[in-house]
Amino acid sequence: MLGGAGALLGVAAGPAQAAEVAYATKCIPPAGVGLEPVEGTAKVEITAPATAKVGDEVQVVWKFVQAASKNPDLIDLPKDSVQPSGTLKAAGAQTAAIAMQGPRENPAIPKGGAMVLSDMKGTLKLTAPGAVTLTPDAYAVNVMSTDTKCAPTEAVQPAATINVTAGEGTSSTTPTPTGSTTPTSTPTTTPTTTPSDTASASDGTGSGQTDFTGKEVKVPYKCVTPIGDKDATSPVQINAKKSGGSYDLTVQFKKSVMDSPADIPKDSVKPSMEVVLGGADTGTVHVEGPLNSAPIKTGDPMTIPDLTGTYKPGASGESTLSPGVLTIKALGTTTTCTPTTALVSLTLDTTEQASGASGGSSSGGSSSGGSSTGGGLAETGAGDHGALKALGLVAGTAVLLGGAVFTFLPRRQSR
């Protein structure tokens, strides 16, 4: 979907110069999306000072004159959701890899529209006299936390040259790189998890005990999304408070770092889960959280309240509780994430209650348990204070999978 590199708007001792270079580019979509690389031609304009002296720190600007492809006919990209970063190579009198980055500023880009990428800027401290050439190298385009990585597929000609004269006093002969050789952002990958069949927590055998704290377990999920299945791992903890013969359950998601990639309206996100019973008891318990009570602004943590419900035991003995199918509804779409391994978070010493859960499902005054149908959001997770790790916004925004936004690329474009 994405191509192009940039231009350099100079701020240095000498007058600015600008030059454009075009080169074949190959862009790789995020892993797991199932889309082929895009090949196209990037046109880059570089602006930098024509002259400077040793010791000067000059600013360069990388302008995307032409991207390698358009936004495909799949999703609209919201305003200020795209951020480019990359590397500009300095060679000749000194060598360096200049880290370049542009602001997350773009107009709303409709499906099939031309990609609009902001100018990237970087600085270079000059360390030796002579001609210093500047050549565009690899870059990445970040769309809501996920990178599409692009790199030249042919030798690229220098786009600008700075003629550096000896400055007053001594100067260092050792090049001072100002950035890394590759874009600093990388696609989010699924954490590895070693399932444990023995995960458990305090049980209910203690005399008079009413509060039971579960163990945090890292649950591997497989989520159904509009672009296929996606694996994710999310830390989940189930706690219980005894109320008569039943238990008030609270399911918490932990340790996510996902921020909202776009403005999310009030009352548009609804999570729920089917807690799986085992041991002496069987069936599921439905737990859910309320709709988000306030809008979520771009960059704010994706938070949801704890998921709650009531468990009425259907059998006497040691009953286990494990995170089950997670369902997230948002903006008219639904995603379901199913655990690939059952992990026990809490064990309770239960006493059978009339019309209890054994053999069926138990609910906390809301909808009953059971599997939910698949659909179009994203996958699982939540963070501090119940931060939602993955929310998918399709039909005009994006799909967030495993805490990352997968941008869509056309299957191939002619060079």
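**View 1. Strands S2, S4 and S7 in the predicted model.** Strand S2 (residues 38-49) runs antiparallel to strand S4 (residues 57-66), and 5 bridges join them. Glu45 stands opposite Lys63 of S4. S4 also pairs with strand S7 (residues 120-125). That pairing is antiparallel too, with 6 bridges. Within S7, Met120 is the bridge partner of Trp62.

**View 2. The aromatic pair of Trp62 and Tyr139.** The whole structure holds 5 aromatic pairs. One of them joins Trp62 and Tyr139 edge-to-face, at 6.2 Å centre to centre and 70° between the planes. Trp62 belongs to strand S4 and Tyr139 to strand S8 (residues 130-143), so this contact ties together parts 77 residues apart in sequence. Both Trp62 and Tyr139 are buried. Trp62, Phe64 and Tyr139 make up one aromatic cluster.

**View 3. The stacked rings of Tyr247 and Tyr311.** Their centres lie 6.0 Å apart and their planes meet at 25°, so the pair counts as stacked. Tyr247 sits in strand S14 (residues 246-253) and Tyr311 in strand S17 (residues 307-311), so the pair ties together parts 64 residues apart in sequence. Tyr247 counts as buried because its relative accessibility is 2%. For Tyr311 the value is 0%, so Tyr311 is buried as well.

**View 4. Val224 and Thr338.** Val224 is part of strand S12 (residues 217-225). Its relative accessibility is 35%, so Val224 counts as partly exposed. Thr338 is 114 residues away from Val224 in sequence. In space, the two are 8.5 Å apart, C-alpha to C-alpha.

Conventions
Residues numbered from 1 in each chain as written. Predicted model: local features only at pLDDT ≥ 70, side-chain atom pairs only at ≥ 80, totals over all residues. Heavy atoms only, no water. Helix = DSSP H or I, 4+ residues; strand = E, 2+ residues; numbered from the N terminus. Buried < 20%, exposed > 50% of the residue type's maximum accessible area, 1.4 Å probe, protein only. Pairing = 2+ DSSP bridges. Phe/Tyr/Trp six-rings, centres within 6.5 Å; stacked < 30°, edge-to-face > 60°.
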